[in-house]
Amino acid sequence: MATEEVQKHSVHTLIFRSLKRTHDLFVSNQGNLPEIDDRLEKLRRSIKAKDGYGLVLDKAAKIGEARKASGAQTPGDKPLAITDGSAADAASAAGSLVKYNAGARPAEKAGPLVAGTHTSLVRASLANSNGDKSANGTIASHLQLIPKKAPSIPKPKWHAPWKLSRVISGHLGWVRCIAVEPGNEWFATGAGDRVIKIWDLASGKLKLSLTGHVSTVRGVAVSTKHPYLFSCGEDRQVKCWDLEYNKVIRHYHGHLSAVYSLALHPTIDVLATSGRDSTARIWDMRTKANVHTLTGHTNTVASVVAQATNPQIITGSNDSTVRLWDLAAGKSVCTLTNHKKSVRSIVLHPSLYMFASASPDNIKQWRCPEGKFVQNISGHTSIVNCMAANSEGVLVSGGDNGTMFFWDWRTGYNFQRFQAPVQPGSMDSEAGIFAMCFDQSGSRLITAEADKTIKVYKEDDEASEESHPINWRPDLLKRRKF
């Protein structure tokens, strides 16, 4: 028997034919929905009602039965109507709404509703139920419907523009950190030349150089209660300097890699440091003990700040998160994951219970203690290395490309931006701001830069609201980009 040859087709052709057959089979009713089954629909509604209102479902039925038994009027029997408050109307519609006139006597008829007058709405049965009681007694006994106020966008406060006042040279490497002493007489800087230098704030003259670190100095802080200066660096060392003898008196050993930031607690004798080993460490200042190791970040912890109230420690990391820590327990109480890129800087507001975190995507403001998001401050598009805030409500951000942006803290209005000229002989690529801070009065801004200089800025005394007006155009709907 001769075998019939089976015609071979490609897989593509066979699939296409199968799809065509399926389409032909169902094309007549493909747009129709399946018929609704009443029994299943009732079952679905009852399940949804039990799921959403299970706790109060039986209460509503009981109240309805009790009303029917007592013969009381149910809320749905008569619709509410706005009347002019006449006795006839009040009698006919016991639950209607009328204009409330606080000074009117029971016998008086309230006037018609007029636009612009006090037209709060109250129940007709309650309006005259208190006889000749005082207006306050009547107001307390009824519900007023008060219209909502439209949300208002606050106008930014005027701030004087800032100008360059002094350029201080002396370091032989990138200047990486700054700290102003509590008496506001001098400030300390640390740099890539491994030296900590102390400068006179008024004159800008060098007072002292401290050598001891074997790698770049990345953080300095001056104690408010002791004559101590603390420093940390890329050599994994955290040192305590006694400024009466200008010598190192304590070392804090424990970090496994470079230490990038440090902060002193304002009320208790503890020191917080953070670095490239993805941890922040809490040290007892006196005993040198590592009290807590705050673990949780998955990348370099670039910034740490401390404050007297909870959260007492806040850290920002290159894993793009900000963490708030419970200092007593040594545990993270909140992780803020709103940033999309590395958080290189965190700054506390000197007087408000708030802080800001900086990342290349946005500067974000948060409210303590729970870390509630307040607003985005957008516009500084470069990598933001550092920030500083003063009590006047000025927030400054410094970029990796040498740009400085000045913001109004409350509204996020950018009132000034500029790029400081680099030191003569430096390349343009050396324009970069690594650290900045205000002095204790908030009237001087000190920046540490990549051209090996320290720059001091002050407010322009000659500027006024007329010469530098606020050019503020708020978005009608300010988007809160998370």
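This is a predicted model: local features need pLDDT of at least 70, side-chain atom pairs count only at pLDDT 80 or more; totals for chains, interfaces and linings use all residues.
Residues are numbered from 1 along each chain as its sequence is written, and side-chain values use heavy atoms, with hydrogens and water left out.

## The whole protein

The protein has five helices and 31 strands. Both kinds of element are DSSP runs numbered from the N terminus, with helices being H or I of at least four residues and strands being E of at least two. Of its 482 residues, 42% count as buried; here buried means under 20% relative accessible area, exposed means over 50%, and partly exposed lies in between (1.4 Å probe, protein chains only).

The protein exposes about 27,800 Å², and carbon and sulfur atoms supply 53% of that area. Accessible areas come from the Shrake-Rupley method with a 1.4 Å probe, and for residues only the protein chains shown count as cover. Among contacts between residues at least 6 apart in sequence, 46% join residues at least 24 apart, where a contact means heavy atoms within 4.5 Å.

Strand 10 covers residues 228–233, and six of its six residues are buried. In a regular strand the side chains alternate between the two faces of the sheet. On one side of strand 10 sit Y228, F230 and C232, on the other L229, S231 and G233, and all are buried.

Two strands pair if DSSP finds at least two bridges between them.

| Strands | Bridges | Sense | Residues standing opposite |
|---|---|---|---|
| Strand 9 (residues 217–222) and strand 10 | Five | Antiparallel | A221 and F230 |
| Strand 10 and strand 11 (residues 238–242) | Five | Antiparallel | L229 and W241 |
| Strand 25 and strand 26 (residues 394–399) | Five | Antiparallel | A389 and L395 |

Strand 10 and strand 11 form a hairpin with four residues between them, and R236 in that turn has a positive phi of about 70°. Strand 25 and strand 26 also make a hairpin with four residues between them; in its turn, G393 has a positive phi of about 90°.

## Cysteines

A disulfide is a covalent bond between the sulfur atoms of two cysteines. How many disulfides does the structure hold? The count is zero, with a disulfide taken as a pair of cysteine sulfur atoms within 2.5 Å. For C232, the closest cysteine sulfur is in C177 at 7.0 Å, so the two are too far apart for a bond. C232 is buried, with a relative accessible area of 0%, whereas C334 is partly exposed at 21%.

Strand 25 (residues 384–389) is mostly covered, with six of its six residues buried. A nonpolar core is a set of buried Ala, Val, Leu, Ile, Met, Phe, Trp, Tyr and Cys residues joined through side-chain atoms within 4.5 Å. The largest such core has 15 residues, of which W162, V396, M404, F406, M436 and L445 touch the most other members. Strand 25, strand 26, strand 27 (403–408) and strand 29 (433–438) are the elements that give two or more residues to this core. Strand 29 gives the most, with three residues.

Not counting residues up to four places away in sequence, V396 touches C386, M387, A388, M404, F405, F406, M436, F438 and L445. A second, separate core of 14 residues includes M354, A358, I363 and I377.

## Two residues up close

Is S359 buried or exposed? S359 counts as buried because its relative accessibility is 1%. This serine lies in the loop between strand 22 (354–358) and strand 23 (363–367). A polar contact is a pair of N or O atoms within 3.5 Å; within protein, one must be able to donate a hydrogen and the other to accept it, and residues adjacent in sequence count only if both atoms are side-chain atoms. A polar atom of the S359 side chain lies 3.1 Å from the backbone oxygen of K341, and the side chain also reaches the backbone oxygen of S342 at 3.2 Å. Leaving out residues up to four places away in sequence, S359 touches H339, K341, S342 and V384.

V195 is found in strand 7 (residues 195–200) and counts as buried at 14% relative accessibility. V195 and G173 are 22 residues apart in sequence and 9.3 Å apart in space, C-alpha to C-alpha. Beyond its neighbours within four places in sequence, V195 is in contact with H171, T189, G190, S209, L210, T211 and V217.
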